[in-house]
Amino acid sequence: MTDDPFNRDHAPTPGEVETLAPGIRVVTAPNPGPMTFTGTRSFIVGQGEVALIDPGPNDPAHLTALQNATEGERVTAILITHAHIDHSAAAREAARIFDAPVMAHGDPVAARSPLMSDLAERFDLGGGEGIDATFTPDRTLRDGDTIDGPGWSLRAIHTPGHLADHLSFALGDTIFSGDVAMGWAPALISPPDGDLASWRNSIRTLLALKPTTLHPGHGAPVDSPALILDHLLSHRQSREAQVLDALSSGPTTIPAMVTRIYADVDPRLHPAAARNVVAHLIDLVERGEVTCLGQLGPDAQFSLIG
């Protein structure tokens, strides 16, 4: 595993417009926190007629900042990477303000993989953190769909894993990666809406595209995408090894594994860590390396097979 390449020194000023590259601006929302880092990043693509990616939380001050940032311009599309409230909650109000359609993959529940849909129907998996349950787009986007404007074209890339409906958007060799790949920390994967196997495939999809820059939904731009993407895969592999090691001395529970694996992590983040452990366990059960003793759920015990 490589040395930690994450950039945790990001310090934007909420509400201020940053120009990241010709035709790419960003405004950071005033919602910093343990899961949002310095705040949700709302991107403006183009000049004159522009696309807005992730209007963010439904915060009047942030919406005013976006209006100010696009003064004299026309917003022709509001694109949503995924239906978490820190990314999509402002979509409907932004659509009203800018008189522009909201475009996204759609319903995060309907987008679940067959495995996650089956597990959610049969067991208590928990999860659902931060999902914008009332979100609906005006236009549904699928993998490969394009949204065009004067001098720019954005291509939707279905990148599930953090959330089943997650889209990234490619602008040439620049990719707006939402929360599936960030430069400050690994993404939360919380089943049944998060799916570790799907997430791995999405990271490999991004790697294969060989982007020169990632603009994640939280944190600074990533100027060495291959380094970060490889590290994210290695990090998950390392976590998997820790889960298997925690099971090596006999059957155990999710809380016990979290206490052991995340001993050096702020206890306030242990609930999120537990969701990542659940994601690894489901993946390992599906691959036939681990078995669940009894009904799958928060209090279940797990054991190695063989």
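Modeller: With cavities. Rolling a probe the size of a water molecule over the atoms shows where empty space is left. Here a search of the whole structure finds one cavity of 30 Å³ or more. A cavity is a set of points, on a 1 Å grid over the protein atoms alone, where a 1.4 Å probe fits but cannot get out. Grid points are joined across faces, edges and corners, and the volume is the space filled by probe spheres set on the points. This is a predicted model, in which local features need pLDDT of at least 70 and side-chain atom pairs count only at pLDDT 80 or more, while totals for chains, interfaces and linings use all residues. Residues are numbered from 1 along each chain as its sequence is written, and side-chain values use heavy atoms, with hydrogens and water left out.

Colleague: How much space lies in the largest cavity, and which residues line it?

Modeller: About 60 Å³. Lining residues have an atom within 4 Å of a point; among them are H84, E129, H162, S190 and D193.

Colleague: Is S190 buried or exposed?

Modeller: S190 is buried because its relative accessibility is 6%; buried means under 20% relative accessible area, with a 1.4 Å probe and protein chains only. S190 sits in the loop between β11 and α5, where helices (H or I, at least four residues) and strands (E, at least two) are DSSP runs numbered from the N terminus.

Colleague: What does the side chain of S190 make a polar contact with?

Modeller: Its partner is the side chain of E129, at 2.8 Å. A polar contact is a pair of N or O atoms within 3.5 Å; within protein, one must be able to donate a hydrogen and the other to accept it, and residues adjacent in sequence count only if both atoms are side-chain atoms.

Colleague: How many aromatic pairs are there?

Modeller: A pair of aromatic rings is described by the distance of the centres and the angle of the planes. Rings of Phe, Tyr and Trp (its six-membered ring) pair if their centres lie within 6.5 Å, and planes under 30 degrees apart count as stacked. The count comes to two. One of them, F37 with W184, is stacked, at 4.5 Å centre to centre and 5° between the planes. This pair links distant parts of the chain, 147 residues apart: F37 is in the loop between β2 (24-28) and β3 (41-45), W184 in the loop between β11 (174-178) and α5 (196-209).

Colleague: Are F37 and W184 buried or exposed?

Modeller: F37 is buried, with a relative accessible area of 16%, and W184 counts as buried at 12%.

Note on methods:
Rings of Phe, Tyr and Trp (its six-membered ring) pair if their centres lie within 6.5 Å; planes under 30 degrees apart count as stacked, over 60 as edge-to-face and the rest as tilted. Buried means under 20% relative accessible area, exposed over 50%, partly exposed in between (1.4 Å probe, protein chains only). On a 1 Å grid over the protein atoms alone, a cavity is a set of points where a 1.4 Å probe fits but cannot get out, and a pocket is an open set with protein on both sides within 12 Å along at least five of seven lines; lining residues have an atom within 4 Å of a point.
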